[in-house]
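Reader: I have a structure open on my screen and would like to go through it with you piece by piece. Could we start with the chain as a whole and then work down to single residues?

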Amino acid sequence: MAGTLYERDSSKRMTYIDWDEYFMAIAFLSAKRSKDPCTQVGACIVNNDKRIVGIGYNGMPTGCSDDEFPWKRGPHTSLESKYLYVCHAEVNAVLNKNSSNVKDCTIYVALFPCNQCAKVIIQSGIKTVIYMSDKYAYKVETIAAKRMFDAAGVMYRQYIPKNQKIEINFSDINWTEMNQLPQTPTKQED
Ligand SMILES: [Zn+2]
């Protein structure tokens, strides 16, 4: 039977991360770019070929300085709190897309999307939302988001991580061996 020999001899590494872990970890990694002192959220949009087509994190709009605009919490209508200004990760991920559209894509997010992001998700054609935490399930924003997702046929499911931690260790690469590569000859001084 074709392929049998290779299957028997295969010794592939079994500790690799699966697709859900990979894309959720990318959402979490991009959240680390956020300047928000309270909530760092990242989002990663993936198409049906498992290609990443958009990444975003919560931040001030372009041109609105991270140092001049307020980051503090407070009344949602206050000009001195962040809410009127910050772009959520989901919106940034949709706007940052590197494909012509995000139709039928899946979005990975740390937090269940708010109602404003839900509108953008629906209107952009995203069909699935995979979230990690639904800690604001009681808020009207989340209830409204779910109501819209249900009506629009956007599926959503919670991602339960298999591992509590994915470590990125820059010393996993064997630097020493790399340093033994032949040196490029330096130009002789005249
Ligand atoms: Zn939002």
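Reader: What percentage of the 190 residues of the chain count as buried?

Author: Of the 190 residues, 25% count as buried, where buried means that 20 or more other C-beta atoms lie within 10 Å of a residue's own, exposed means 12 or fewer, and partly exposed is in between, with C-beta atoms placed from the backbone. Please keep in mind that this is a predicted model, in which local features need pLDDT of at least 70 and side-chain atom pairs count only at pLDDT 80 or more, while totals for chains, interfaces and linings use all residues. Residues are numbered from 1 along each chain as its sequence is written.

Reader: Thanks. How many helices and strands does the chain have?

Author: There are six helices and five strands, and along the sequence they follow the pattern α-α-β-β-α-β-α-β-α-β-α. Helices (H or I, at least four residues) and strands (E, at least two) are DSSP runs, numbered from the N terminus.

Reader: And in what order do the strands sit in the sheet?

Author: The five strands form an open sheet in the order β2-β1-β3-β4-β5, with mixed pairing; two strands pair if DSSP finds at least two bridges between them. β2 and β5 are the edge strands, each pairing on one side only.

Reader: Which way does β1 run against β2 and β3?

Author: β1 runs antiparallel to β2, with five bridges joining them, and it is also antiparallel to β3, to which four bridges join it. On the β2 side, Gly-42 has Tyr-57 as its bridge partner, while on the β3 side Val-46 stands opposite Thr-106. The hairpin of β1 and β2 has five residues between the strands, and there Lys-50 takes a positive phi near 65°.

Reader: What about β4 and β5, parallel or antiparallel?

Author: Strand β4 (residues 128-133) and β5 run parallel and are joined by four bridges.

Reader: Which residues touch the most other members of the largest nonpolar core?

Author: In that core of 32 residues they are Ala-27, Ala-43, Cys-44, Ile-45, Ile-107, Tyr-108 and Val-109. A nonpolar core here is a set of buried Ala, Val, Leu, Ile, Met, Phe, Trp, Tyr and Cys residues joined through C-beta atoms within 7 Å. The elements giving two or more residues to this core include α2 (19-31), β1 (42-46), β3 (106-111) and α4 (115-124).

Reader: What is Ala-27 in contact with, leaving aside its close sequence neighbours?

Author: Leaving out neighbours within four places in sequence, Ala-27 is in contact with Gly-42, Ala-43, Cys-44, Tyr-108, Val-109 and Ala-110, a contact being a pair of residues whose C-beta atoms, placed from the backbone, lie within 7 Å.

Reader: Changing topic, where does UniProt place the "binding site" feature?

Author: The unreviewed UniProt entry places "binding site" at His-88, Cys-114 and Cys-117. These residues are spread over 30 residues of sequence but cluster in space, the largest C-alpha distance being 8.9 Å. UniProt positions are given in the numbering used here, feature names are shortened, and annotations may be inferred rather than shown by experiment.

Reader: Why do His-88 and Cys-117 count as buried?

Author: His-88 counts as buried because it has 21 C-beta neighbours inside 10 Å, and Cys-117 because it has 26. His-88 is in the loop between β2 and α3, whereas Cys-117 is in helix α4.

Note on methods. Contact = placed C-beta atoms within 7 Å.
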